[in-house]
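Here is a short briefing for a first look at this entry. Keep the viewer open and follow the topics one by one.

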Amino acid sequence: MTESNKLPSGRTRIESLEMRGITKRFPGVLANDRVDFDVRAGEVHALLGENGAGKSTLMKILYGLYRPDEGEILVNGKAVHIASPTDAIRLGIGMIHQHFMLVPTMTVAENVALGLPSSRGALTDLDHVSKRIIELADIYGLKIDPSAYVWQLSVGQQQRVEIIKALYRGAALLILDEPTAVLTPQEVDELFAIMRQMVKDGHALIFISHKLHEVVEISHRVTVLRDGRKIGTRPTSETTKQDLANWMVGREVGFAPERGETIPGMVRLQLENVHCGSDRGTPGLRGVSLEVRSGEILGIAGVSGNGQRELAETITGLRKITSGHIRLEGQEVANFPPAELTERMLSYIPEERMRDGMIKDFTVAENLILREHHKRPFSQNGFLNLRSIANHADQLIKTYRVKTPSRDTLAKNLSGGNIQKMVLARELSRKPRVIVAAQPTRGLDIGATEYVRAQLLQQRKQGAAILLISEDLDEILALSDRIAVIYEGRIMDILPRDEATPEKLGLLMAGVHPEEGAPVVK
Amino acid sequence: MISDLFSVTVLIGILASGIRLATPYLYAAIGETFSQKSGVLNLGVEGQMLLGAFAAFYVSLNTGSLWLGLLTAMLVGALMGLAMAYVTVNLQAQQGISGIGFYLFGLGMSDLLFQRLMGTVETVRGFPKIYIPFLSDIPGIGEIFFSQNILVYGAYLLVPLAWFVLNKTTLGLKIRAVGENPDAADSLGVNVGRIRYFTIILGGTLSGIAGASLSIALLNVFQQNMTSGQGFIAVALVYFGAWRPAGVLGGALLFSMVNSLQLWMQVKSVPIPSDIAVMLPYVLTILVLVATVSKVRAPSALTKPFEREN
Ligand SMILES: Nc1ncnc2c1ncn2[C@@H]1O[C@H](COP(=O)(O)OP(=O)(O)OP(=O)(O)O)[C@@H](O)[C@H]1O
Ligand SMILES: [Mg+2]
């Protein structure tokens with residue numbers, strides 16, 4: 001038995017970890033209300049709950065980032081005191097955060113070595129660290145280059161750095177807070193393979209996700225939180241996706257939104273042969289042409305990193321195009337400043353909402369008027385009209401069900417999903433004529449996802465032209481009237497919705513034209 | 001006349017004094033590089049230099065020991081750094097404003113002490129020149145590089161040392177991480193506050209030396225407001241040097257060489273209004289800053305206070 005209580009990294013297993021009666025209050029919010037939670041070596045315990053249910057808070061308490069107001073934590077049956085991440089790391093607890101904790105200007109090895117004692121005393125021992133990274137990467141089947149700079153890595157690779165960071169520190173228990181939200185389906189498969197390996201070796205894993213099929217696939221037990229309170233824990237084998245959905249939301253949820261028919265009208269957004277660069281100096285877009293009509297949703301499908309971000313940024317004026325035309329309602333707007341595009345009723349739901357969609361240190365009410373703050377009724381003769389701003393905020397918080405203690409709460413204190421609802425409320429409430437929506441439901445719970453999709457369909461019905469960029473094929477298929485596939489900065493093809501099958505799209509997304517390039521089957 | 005101005009001897013003189021004049025900038029700007037690398041903008045450098053200059057001068061004058069004077073300057077700088085660190089880390093003050101406050105404190109305090117304790121301008125015999133054996137005998141080169149006083153040599157040794165600490169040690173790794181992404185550093189158990197305390201106090205100590213280098217090694221007097229903006233130039237040099245010690249060195253040399261040239265022109269009564277000549281280095285700094293600053297990125301967390309939980 002002595003052999004088997006060690007992990008491949010050489011560290012002792014955490015046979016069991018128990019959180020008892022955890023309570024955490026923030027100003028105006030009871031984020032965790034006497035929550036019990038436990039996890040054992042060799043299992044994946046999924047933590048489910050709507051946006052703002054208190055999942056990240058509970059995990060941050062376990063990792064020593066927040067201090068609980070009440071409750072205790074036991075490791076292998078013994079009470080422990082976790083006052084800081086240092087304590088957690090010492091106990092063998094690692095965490096992959098919902099928003100990555102990496103230093104982009106440093107290399108992978110430097111990110112891993114940060115904060116650790118070095119074998120060379122005061123000097124860094126990056127060669128040694130790199131060697132160990134490669135060893136660990138081999139054990140767990142992670143591909144990673146220790147000398148690469150983090151800013152050069154794709155999101156999936158960055159996540160591997162986070163996992164390596166935890167393993168390097170001898171994590172016996174790993175918390176994964178929405179690790180799959182930003183991954184492509186292939187990357188999710190890779191992550192799951194790594195997780196299965198870790199479980200086999202005796203790690204304890206906590207897994208948070210809003211995607212129920214993932215929870216069903218990977219976890220052994222599921223715990224559901226609602227409004228900070230624990231609803232219950234069950235073995236995953238005794239539940240189904242639908243069960244979990246109902247249990248989590250407390251009511252029946254439907255998965256497929258009602259689309260309804262619309263008749264596409266005038267062309268509101270038109271791109272003609274658009275070229276632009278990317279952040280890495282490579283071509284971002286290479287001759288993109290497309291149109292979106294009033295009352296229509298054009299879905300952009302593709303594997304991440306094929307020009308989706310550049311596409312969204314050129315249309316919204318955040319990135320210069322090098323040649324081509326962009327027209328809004330027939331008028332040339334290429335390289336116009338964003339303010340001008342705002343005037344023309346273009347709305348944007350950005351992919352990186354923490355960076356591009358909000359101002360963290362502004363209140364919810366202030367964030368809700370970012371686009372219209374200079375106009376009546378929010379401002380008159382250069383003075384802000386605080387009353388109308390407040391009313392506006394209260395109304396949007398209510399209609400869009402943004403969960404926040406008050407309109408004066410700083411936006412950075414909202415949970416991930418509620419930040420997205422806030423952005424959505426601002427962008428959709430102004431009756432936009434063109435909407436660019438990039439990954440609009442990423443990180444949202446199923447109730448909120450259902451709601452956002454219904455909102456987009458509602459806008460479509462009201463005559464907006466919507467460009468929907470998503471890496472989630474289900475979402476594209478559920479909402480789009482037509483589907484364009486983007487690959488290496490080019491539009492491979494545009495298919496009407498009823499001709500688009502996941503197989504066809506899959507081939508196009510890999511850069512293969514089904515008619516021309518499909519392998520011939522004898 | 002122009003040919004007279006640029007004879008070889010004159011050129012050597014200009015270069016030698018340029019090398020010398022870069023000294024206070026180097027100490028102050030390398031110190032500021034450390035604090036900015038960890039995310040703290042210290043605008044109080046000028047005040048720290050002034051108090052350092054006074055402390056060094058006054059102690060040297062009264063004890064006859066230049067080393068004791070230097071040590072006192074370092075101590076005074078470190079104490080100012082400690083106060084700045086408390087205000088920045090614990091009270092999470094707006095760094096630009098508190099830095100100006102520390103500048104004004106240093107300016108006023110050094111003047112008050114000067115009036116109270118001395119009253120008149122006096123001089124000391126500063127650190128003597130040290131002639132490096134053999135090297136100082138090389139014609140030209142010897143006079144420019146190897147016939148300087150100890151604080152000048154120290155300033156130039158500081159540059160590779162700072163590079164080494166920032167890039168090759170675990171401490172440097174922590175400093176850089178804290179300035180780029182303090183949340184990430186914190187989540188790995190790095191004590192963000194302690195690192196910033198360290199860099200701010202180090203910066204203060206080096207500013208103290210910078211002040212001392214003026215009052216007991218280069219000019220050997222103390223006068224009210226004798227730094228005349230050099231601390232602020234040092235802050236600008238950090239931006240100019242793109243937060244790299246070698247870049248800071250380049251900036252400091254460019255600035256001091258132009259300054260040295262300008263001084264010679266005045267000595268030689270070149271027919272340029274002296275006001276314009278004096279302006280030259282400053283105008284140059286502004287121009288170079290304008291031309292370079294947009295291309296490099298400051299540490300992401302610069303001026304941002306860090307807190308874990310509200
Ligand atoms: N630092 C903070 N200050 C104030 N309130 C906070 C803070 N962190 C979280 N909250 C609040 O606590 C509640 C729970 O947030 P938490 O981030 O744990 O939710 P979550 O379940 O992880 O949601 P999501 O799925 O959207 O990530 C939310 O109402 C949030 O607004
Ligand atoms: Mg969360």
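In this predicted model, 21 residues surround ligand 1. The closest are A:Gly52, A:Lys55, A:Ser56, A:Thr57 and A:Gly417. Ligand 1 lies between chains A and B.

**Contacts of ligand 1**

- A:Thr57 places a polar side-chain atom 2.6 Å from an oxygen atom of ligand 1.
- A:Asn413 takes part through its backbone: a polar atom there is 2.9 Å from an oxygen atom of ligand 1.
- A:Gly416 also uses a polar backbone atom, 3.4 Å from an oxygen atom of ligand 1.
- Ligand 1 would expose 650 Å² if taken alone, and the protein buries 93% of that.

**The shell around ligand 1**

- Which elements of chain A each supply at least two residues of the shell? They are strand E2 (29-40), helix H1 (55-62) and helix H14 (416-428).
- H1(A) gives the largest share, three residues.
- By class, the shell holds 12 polar, six nonpolar and three charged residues.
- Two domains of chain A, domain 1 (3-249) and domain 3 (354-429), each give the shell at least three residues.

**Domains of chain A**

- Domain 1 and domain 3 of chain A do touch: nine residues of domain 1 are in contact with seven residues of domain 3.

- Helix H8 of chain A covers residues 241-249.
- Its buried residues are A:Leu244, A:Ala245, A:Asn246, A:Trp247, A:Met248 and A:Val249.
- What do the buried residues of H8(A) pack against? Their partners in chain A are strand E3 (44-49), helix H7 (212-218), strand E9 (221-226), strand E10 (229-235) and helix H15 (446-461).
- Just after H8(A) comes A:Gly250, with a positive phi of about 85°.
- A:Ser237 sits in the loop between E10 and H8 of chain A.
- Is A:Ser237 buried or exposed? A:Ser237 counts as exposed because its relative accessibility is 70%, and the cut-off for exposed is over 50%.
- A:Ser237 and A:Val216 are 21 residues apart in sequence, yet their C-alpha atoms are 7.8 Å apart in space.

**Helix H9 of chain A**

- Helix H9 of chain A (residues 308-315) is mostly covered, with seven of its eight residues buried.
- The buried residues are A:Gln308, A:Glu310, A:Leu311, A:Ala312, A:Glu313, A:Thr314 and A:Ile315.
- A:Gly317 follows H9(A) and has a positive phi, near 80°.

**Backbone features to look for**

- Most residues other than glycine have a negative phi, and most peptide bonds are trans.
- The peptide bond from A:Arg376 to A:Pro377 is cis, with omega near 0°.
- A:Pro377 is in the loop between helix H12 (364-368) and strand E17 (379-380) of chain A.
- A:Asn381 is not a glycine, but its phi is positive, near 50°.
- The loop between E17 and strand E18 (383-384) of chain A holds A:Asn381.
- A:Asn381 has a relative accessible area of 74%, so this residue is exposed.
- A:Glu488 is another non-glycine residue with a positive phi, here about 45°.
- A:Glu488 lies in the loop between strand E21 (482-487) and strand E22 (490-496) of chain A.

**A buried threonine in chain B**

- B:Thr23 lies in helix H2 of chain B, residues 8-37.
- Why does B:Thr23 count as buried? Its relative accessibility is 1%, and buried means under 20%.
- Leaving out residues up to four places away in sequence, B:Thr23 touches B:Leu151, B:Val152, B:Ala155, B:Ser213 and B:Leu218.

Key: Residues are numbered from 1 along each chain as its sequence is written. Chains are lettered from A and ligands numbered from 1 in the order in which they are written. Side-chain values use heavy atoms; hydrogens and water are left out. A residue is near a molecule or strand if one of its heavy atoms lies within 4 Å of it. A polar contact is a pair of N or O atoms within 3.5 Å; within protein, one must be able to donate a hydrogen and the other to accept it, and residues adjacent in sequence count only if both atoms are side-chain atoms. Accessible areas come from the Shrake-Rupley method with a 1.4 Å probe; for residues, only the protein chains shown count as cover. Helices (H or I, at least four residues) and strands (E, at least two) are DSSP runs, numbered from the N terminus. Ala, Val, Leu, Ile, Met, Phe, Trp, Tyr, Cys and Pro count as nonpolar, Asp, Glu, Lys and Arg as charged, and the others, Gly among them, as polar. Domain bounds come from an automatic or database domain assignment. Buried means under 20% relative accessible area, exposed over 50%, partly exposed in between (1.4 Å probe, protein chains only). Contact means heavy atoms within 4.5 Å.
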